[in-house]
Amino acid sequence: MGSGDSKLHFRKAVIQLTTKTQPVEATDDAFWDQFWNDSSTSVQDIFALVPSAEIRAVREESPSNLATLCYKAVERLVQGADSGCPSEKQRQTVLNCTRLLTRVLPYIFEDADWRGFFWSTVPGAGRAKSLTDDDEDDESRPLAESLLLSIADLLFCPGFTAQSNKKSSSDTAEDIKSIDSCEYIWEAGVGFAQTPPFNYVHDLNRTELLKLLLTCFSEAMYLPPTSDRRSLNPWVSFFCSTENRHALPLFTSLLNVVCAFDPVGYGIPYNHLLFSDQREQLVEQAIQVLVITLEQEVASTAAAAAAAAASTAAPAAPDGLASSVEEQQPAEPENLFVNYLSRIHREEDLSFILRGLAQLLNNPLVQTYLPHSAKRIQFQQELLILLWKFCDVNKKFLFFVLKSSDVLDILVPILFNLNEARTDQSRVGLMHIGVFILLLLSGERNFGVRLNKPYALRVPMDIPVFTGTHADLLVVIFHKVITSGHQRLQPLFDCLLTIIVNISPYLKSLSMVAANKLLHLLEAFTTPWFLFALPQNHHLAFYLLEVFNNIIQYQFDGNFNLVYAIIRKRSTFHHLANLPSDMSSIQKALQRRKKSGVSRSRSLSSSSFSSTGSSSVAPAKPGGLKASLEATPGIDKITEKAQVSQDGTMVTVPRSESQAGASDTESNSERDTEVLQAESEAARSRLASVSSAPGAWSADPEWVLSWKTKLPLQTIMRLLQVLVPQVEKICIDKGLTDESEILKFLQHGTLVGLLPVPHPILIRKYQANAGTAMWFRTYMWGVIYLRNVDPPIWYDTDIRLFEIQRI
């Protein structure tokens with residue numbers, strides 16, 4: 001009964017706010033207290049009792065009432081933070097204000113005229129009138145700063161969001177301004193060894209405050225996409241600056257809560273169906289706040305990361321917390337969260353982070369004898385974004401991951417996700433982030449070396465059975481993505497093949513299954529109509545030829561399966577070498593394709609690619625929403641070329657140098673000239689090809705000859721010239737029909753002195769750029785929008801960063 005009455009009173013207050021023609025005075029506490037004094041309104045109640053239409057009506061018709069509501073709610077939060085929330089009533093008031101602001105803020109952000117409101121100074125808004133004169137500076141703070149600082153204080157409020165360290169049972173709260181919040185970190189892990197006792201009420205309160213914090217940061221969703229790096233989110237900038245005295249313990253708390261989370265718990269079957277897990281809700285909000293704060297980098301961050309990589313200082317800090325990050329004094333204000341992330345360096349901390357991320361990434365792969373008995377987490381996309389930020393920002397973490405086989409614990413779940421999401425167009429973003437991570441890893445030699453470890457784990461995936469290595473698994477799944485994924489994945493083909501090129505010099509022994517998959521791709525990508533259909537299609541053939549050349553030149557001894565597959569498919573190479581380039585042949589090839597009525601099929605064959613790009617898309621799972629994504633830049637924009645020297649180090653190849661010094665052997669420099677010129681064209685035309693008018697571009701003999709003469713076929717042709725007669729002679733002499741005998745012969749064969757001089761190994765390393773930064777921003781906020789449905793914080797608001805589409 002009481003609950004119903006309180007909701008009725010709250011609803012009446014909302015109606016009064018929207019219908020009053022005269023502004024309500026800020027001093028009318030009896031009116032304003034109706035919004036936060038009730039003890040039984042949940043966040044779902046707030047969203048139901050405050051309809052979006054009424055918020056917009058107040059914003060348009062009674063703007064002063066909305067302004068007063070916001071700053072009175074912030075004032076209550078500031079009072080709660082200052083007092084430490086000693087009573088249950090004050091805690092409830094803080095929670096109600098938090099929920100109300102979470103509801104109202106998106107409607108402030110969607111109106112351009114209102115966006116500056118929180119950054120204006122409202123007299124008396126930031127602090128209660130009862131405070132002493134010492135706080136006069138704070139009183140003039142913009143409302144946004146007061147709100148963010150109060151949220152930071154409340155996240156370390158003993159008895160409310162943290163375990164109190166007081167020994168006495170006195171009712172007086174600890175002075176929140178004098179406490180060292182490093183002692184109240186939420187979970188053991190990086191820089192903090194004590195595990196606080198679990199308190200689900202504290203987790204609930206933290207979750208609600210983090211939800212409000214995320215809502216504050218979401219102003220970015222209401223601005224159109226821009227690649228201008230200077231357009232920083234002011235909310236994130238302030239919260240991650242030195243103005244926030246809790247920045248380090250909060251970063252550590254968020255990180256430790258995520259990495260220490262164990263969704264399986266004690267392993268009781270179906271435990272997730274028996275009771276709700278408050279810690280999982282907290283982890284989801286924590287990881288979302290983390291990825292948003294880490295997305296925003298400023299100019300000094302790169303310098304800080306570089307300095308951290310070279311620094312060996314061992315600083316002292318309260319309770320050893322800052323010893324987890326290397327000492328670095330930034331020369332200018334910067335994002336402290338990114339700075340702390342870039343400077344984590346202790347082996348035990350790196351191990352804790354890697355172990356935690358790997359365990360969560362592998363969660364969907366957990367199998368039990370009881371179907372659906374293990375809990376499956378839902379924040380895989382946020383995990384991949386966080387992993388990406390770690391590898392991109394903290395190079396010590398990247399090298400730590402790659403120095404052991406632990407990297408395979410990350411590789412397998414990424415490949416699992418790629419295979420599982422390849423036919424679902426609503427998960428295109430997940431496909432991209434997985435491929436980007438593998439592209440980043442493939443730029444390091446150790447990644448290719450680690451892939452030679454045998455693949456023994458049997459994960460439930462619909463792929464051919466094979467006995468081989470993790471490299472075989474990667475090739476098989478990449479082949480499946482290319483051949484049976486929907487056409488919106490075509491922009492990723494360059495990235496997928498670039499990853500295989502990067503690892504190919506280190507692959508000691510491909511299985512027969514993987515070898516056949518690579519040859520299958522070459523067959524499809526060298527079909528004449530496909531080569532002539534789009535100006536960039538021939539690049540895919542160049543990548544595959546480079547893969548074969550790298551393996552033949554550097555790993556010939558163990559790759560007899562691939563050599564045998566090349567011999568069997570030798571006609572493909574001969575047809576490519578003799579590709580007709582006259583106009584009539586070009587037209588015949590394209591006409592033959594049109595006559596056959598080509599459509600996107602489930603198996604990759606000579607008729608499985610449409611020259612119109614991604615015009616037809618496999619149907620997505622119905623009944624949901626998806627967020628649009630920015631176009632991904634071309635491969636030339638997101639990578640830089642590096643040549644591996646004899647001592648194993650990598651030397652960046654300046655773009656101008658790649659056009660010079662083509663040798664008479666089959667080096668990459670001559671081929672690079674063509675690729676460099678054409679890749680820029682590819683980046684522009686890859687997505688434009690979808691909407692380009694028929695006949696806007698057409699192949700001609702001059703264009704075909706411009707790249708056909710540079711096809712790197714010399715090494716393969718020499719191999720075929722030497723081995724094919726030998727294999728044929730053995731088959732005739734011994735009457736062999738069993739391929740195992742031929743494989744045995746190839747296994748003990750050698751081409752030493754018969755092949756051209758080995759070409760330098762060329763690696764394409766990921767290079768940060770404005771285009772991918774913009775892609776990540778839209779992707780992250782799209783994920784966060786779709787994941788926050790209870791309550792639906794941003795639903796039915798005027799989002800401009802991306803489009804929401806029903807599927």
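Predicted model: local features only at pLDDT ≥ 70, side-chain atom pairs only at ≥ 80, totals over all residues.

Me: Another serine, then. Is S62 buried or exposed?

Reply: S62 has a relative accessible area of 8%, so it is buried. It sits in the loop between α4 (52-61) and α5 (63-83).

Me: What does S62 touch, not counting residues up to four places away in sequence?

Reply: L17, K20 and A57.

Me: Let me zoom out. How many helices and strands are there?

Reply: The chain has 35 helices and 5 strands. It runs to 807 residues, and 57% of them count as buried.

Me: What share of the contacts with a separation of 6 or more comes from residues 24 or more positions apart?

Reply: 80% of them.

Me: Now the inside. How many residues does the largest nonpolar core have?

Reply: 242, and the residues with the most contacts inside that core are F35, F118, L147 and F548. Helix α20 (residues 428-442) supplies the largest share of the core, with 11 residues.

Me: Let's pick F548. Which residues is F548 in contact with, leaving aside neighbours within four places in sequence?

Reply: F548 contacts L518, L519, L522, L562, I566, F573 and I716.

Me: Switching to aromatics. How many aromatic pairs does the count come to?

Reply: The count comes to 34 aromatic pairs. One of them is F390 with F397, a tilted pair at 5.1 Å centre to centre with 45° between the planes. F390 and F397 are both buried.

Me: And what about F436 and W775, how is that pair arranged?

Reply: F436 and W775 are edge-to-face, 5.3 Å centre to centre and 85° between the planes. F436 belongs to helix α20 and W775 to helix α35 (residues 770-787), so the pair ties together parts that are 339 residues apart in sequence.

Me: Which residues do ring pairs link into a cluster?

Reply: F109, W114, F117, F118, W119, Y222 and W235. You've already met F118 as one of the residues with the most contacts inside the largest nonpolar core.

Me: Last topic, helix packing. At what angle do α11 and α16 cross?

Reply: The axes of α11 (residues 247-259) and α16 (residues 347-361) cross at roughly 50° and come within 8 Å. The two helices are therefore oblique to each other.

Me: Which residues make that contact?

Reply: L255, N256, V258 and C259 on α11, and F352, I353, G356, L357 and L360 on α16. By type, the contact has 7 nonpolar residues, 2 polar and no charged.

Notes. Residues numbered from 1 in each chain as written. Heavy atoms only, no water. Core = buried A, V, L, I, M, F, W, Y, C linked by side-chain atoms within 4.5 Å. Buried < 20%, exposed > 50% of the residue type's maximum accessible area, 1.4 Å probe, protein only. Helix = DSSP H or I, 4+ residues; strand = E, 2+ residues; numbered from the N terminus. Contact = heavy atoms within 4.5 Å. Axes fitted to C-alpha atoms, helices over the stretch in contact; angles between N-to-C directions. Parallel < 35°, antiparallel > 145°, perpendicular 65-115°, else oblique. Nonpolar A, V, L, I, M, F, W, Y, C, P; charged D, E, K, R; others polar. Phe/Tyr/Trp six-rings, centres within 6.5 Å; stacked < 30°, edge-to-face > 60°.
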